[in-house]
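Try each task before reading its solution.

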Amino acid sequence: VVTDDVRVTVRGSRRLVDFELAARVDLGAGPLPGPLPGPLPGPLRALTSDPTPRETFVVRGDEVLGFDLADPTSPASIGTLPPPGSGFQSGGVRDVAVGGGLVAVAHDGTPTSAPGRLLLHSAATLAELGAIEIPPRPAEVVVAPSFGGIRFAIACAADPRPDGAGGLGDGRGAVLLVTVPPSGPGSLDPMNDVVAIDFAAFDGQ
């Protein structure tokens, strides 16, 4: 929680940049100011922003909260993303990224050795627009460069899991590139819109 005015000055050979505290949002155990929701239990795990509409999304516990920063001196809540639909039981929110009017949320499966899910929400309405299965234990999701369209990259750790023979088998980590088709997130096709990069070629090295 920021309690005092803060000014950060960055000096370089060509420019001088000042960063000054404009406002604060208390994400601790106490209630939040103004129309923002609270109190909010659980740890703060991730934060992502879209600079064009000035929207910021925060992972707090197993919730994803949205904030409107159009007026940075007066942040306002835009709501909480709904939980996953389609019968998927989330093992927890792992990360969030926003870009191109979409909010991508990576969820663990239940148990965490089970496949997870990437949910795509509208940044404007927060409604779920599409979802796709991803490997276990997603660790990070980011907006990735793309030639036209919107692409998200997801790094999945795939922790060791029971192999059915009494020991532990190595989970298969992977990086997924998910490109949202022109028809929208609801038309995501795992065969055409998802590229999986694994590391099997390095086994034994």
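**Exercise 1.** How many bridges join β7 and strand β8 (residues 102-107), and in which sense do the two pair?

*Solution.* The model is predicted, so local features need pLDDT of at least 70, side-chain atom pairs count only at pLDDT 80 or more, and totals for chains, interfaces and linings use all residues. Residues are numbered from 1 along each chain as its sequence is written, and side-chain values use heavy atoms, without hydrogens and water.

- Step 1: strands are DSSP runs (E, at least two residues), numbered from the N terminus.
- Step 2: two strands pair if DSSP finds at least two bridges between them. Here β7 and β8 share six bridges, in the antiparallel sense.

**Exercise 2.** Is Thr56 buried or exposed?

*Solution.* 

- Step 1: locate Thr56 in strand β4 (residues 55-60).
- Step 2: buried means under 20% relative accessible area, exposed over 50%, and partly exposed in between, with a 1.4 Å probe and protein chains only. Thr56 has 6%, so the residue is buried.
- Step 3: list its contacts (heavy atoms within 4.5 Å). Beyond neighbours within four places in sequence, Thr56 touches residues including Leu47, Leu65 and Phe67.
- Step 4: for context, 37% of the 205 residues of the protein count as buried.

Technical notes: Helix = DSSP H or I, 4+ residues; strand = E, 2+ residues; numbered from the N terminus.
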